[in-house]
Amino acid sequence: MRHTDASAKLCPRRSALASNQSHFSPTVPNHEPQTTAGVPALSNSSSSAAILETNLEGLPAPKRGKVRDIYDLGDTLLIVACDRLSAYDHVLSPPIPDKGRMLNQLTNFWFEQFEDLVPNHLLATDATDFPATLSAHTNLLQGRAVLVKKAEVVPFECVARAFLAGSAFKEYQQTGAACGHDLPAGLQRASKLSKAIFTPATKAETGHDENIDYDTLVEGVGAELAERLRSITLALFKAGGELAAKQDLLLADTKFEFGHVNGELVLIDEVLTPDSSRYWEASAWSPGTEPVSFDKQYVRNWLDAEGWDHESTAPVLPEHVVQGTRERYYEAFKRITGREPVL
Ligand SMILES: Nc1ncnc2c1ncn2[C@@H]1O[C@H](COP(=O)(O)OP(=O)(O)O)[C@@H](O)[C@H]1O
Ligand SMILES: [Mg+2]
């Protein structure tokens, strides 16, 4: 028996389709999604409808992040990855079918890979192992939710970069440095750095995260924790980059989050997903231009082409962009893990 209808705000593909007719690419038939080889098409079952948000009956109202709904269960949290897509710090409409499942399962893959390097917040990833109070919601939660230890979150984002892109490239263009790292002259967009750098950022509750230098991190958390954050971040980034390289992907940069549980530093949140990382096709990389990536650049490019100012309400994504985004998340999952996500 399915419980999804009562507890989640679903966005069936057809409603997205109906409201976006005017944005349709003439090459995309409007009765079936366009898919690339190997990416399963959407069925019309409720399990494949995109989930914008959840409101699980019998539980306190969740806190909603840009992508996840977080239910406070006391010492533990239930984190539900929804299908919301954010870009430029705005949640876009409509949601991307299966995105939450793919992100959640990719994060769990990386937690497992990193088990020997750092403890993580996971308590259960299989919804049938969740507490009995959640049993009415097993179908909705399976594959897209985790039960985790509630952590005291370190209020900084731990970013590592092996290539010069995004905000670090912008800063370098203006100052010749990135987050306090003096870099050699003559680097281009997407240039490979001689060694990976740690470039922390504030974790803004609202608005944009801001890059900071290492000393500012030390002021915030103390020298000892700052050094641990730096060394763990770089160790995870190195291990992640090595695994990605085996799949002919370059891991250009990423962001980790950490927290404390009973005094122990643990890795939390999401890990090496296309939302938190730039993955590039190794064969497509050459300094000067940013390679086509599995991150949100595809959507950002569409938004930019629409002339959106990043402030006002974002334009509604047309069906072909929704499908194109879903396919990129799917491809990223497959390339990185070597297996298919369970959808
Ligand atoms: N174990 C944990 N304990 C406390 N907070 C956590 C834990 N894991 C993740 N979080 C928080 O849950 C939120 C995840 O939701 P998300 O939609 O990614 O939010 P955001 O908009 O802040 O990126 C983040 O704010 C993250 O810091
Ligand atoms: Mg997040």
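Visitor: Where does Asn262 lie in this model?

Guide: In this predicted model, Asn262 is part of the loop that joins strand 16 to strand 17 (264–268).

Visitor: What is the value of phi at Asn262?

Guide: Phi of Asn262 is near 50°. This is a positive value, and it occurs in a residue other than glycine.

Visitor: Which peptide bond is cis, and what is its omega?

Guide: The bond from Ser93 to Pro94 is cis, its omega being near -5°. Pro94 sits in the loop between strand 7 (90–92) and helix 3.

Visitor: Helix 3 (residues 99–113) packs with helix 9. What makes helix 3 roughly parallel to helix 9?

Guide: The angle between helix 3 and helix 9 is about 20°, and their axes are 10 Å apart. Angles under 35 degrees count as roughly parallel, and therefore helix 3 is described as roughly parallel to helix 9. The crossing of helix 3 past helix 9 is left-handed.

Visitor: Which residues of helix 3 and helix 9 meet?

Guide: Helix 3 contributes Lys99, Met102, Gln105, Leu106 and Phe109, while helix 9 contributes Arg326, Tyr329, Tyr330, Phe333, Ile336 and Thr337. By class, this contact has 7 nonpolar, 2 polar and 2 charged residues.

Visitor: Why is helix 8 called roughly antiparallel to helix 9?

Guide: Helix 8 (residues 297–305) and helix 9 (residues 319–337) pack at an angle of about 160°, with 9 Å between their axes. Angles over 145 degrees count as roughly antiparallel, so helix 8 is roughly antiparallel to helix 9. Helix 8 makes a right-handed crossing with helix 9.

Visitor: What residues form the contact between helix 8 and helix 9?

Guide: From helix 8 come Tyr298, Val299 and Trp302, and these meet Val321, Gly324, Thr325 and Arg328 of helix 9. The contact divides into 4 nonpolar, 2 polar and 1 charged.

Visitor: Which residues come nearest to ligand 1?

Guide: Of the 16 residues around ligand 1, the nearest are Gly65, Lys66, Arg68, Ala151 and Ile268. Strand 4 (68–72), strand 9 (145–149) and strand 16 (249–261) are the elements that give two or more residues to this shell.

Visitor: What classes of residue make up the shell around ligand 1, and from which domains are they drawn?

Guide: The shell comprises 7 nonpolar, 3 polar and 6 charged residues. Domain 1 (4–150) and domain 2 (153–295) each supply at least three residues to the shell around ligand 1.

Methods. Residues are numbered from 1 along each chain as its sequence is written. Chains are lettered from A and ligands numbered from 1 in the order in which they are written. This is a predicted model: local features need pLDDT of at least 70, side-chain atom pairs count only at pLDDT 80 or more; totals for chains, interfaces and linings use all residues. A residue is near a molecule or strand if its C-beta atom, placed from the backbone, lies within 6 Å of it. Helices (H or I, at least four residues) and strands (E, at least two) are DSSP runs, numbered from the N terminus. Ala, Val, Leu, Ile, Met, Phe, Trp, Tyr, Cys and Pro count as nonpolar, Asp, Glu, Lys and Arg as charged, and the others, Gly among them, as polar. Domain bounds come from an automatic or database domain assignment. Axes are lines fitted to C-alpha atoms, for helices over the stretch in contact, and angles run from 0 to 180 degrees between N-to-C directions. Angles under 35 degrees count as roughly parallel, over 145 as roughly antiparallel, 65 to 115 as roughly perpendicular and the rest as oblique. A crossing is left-handed if the near helix is turned anticlockwise from the far one by less than a right angle, and right-handed if clockwise. Two residues are in contact if their C-beta atoms, placed from the backbone, lie within 7 Å.
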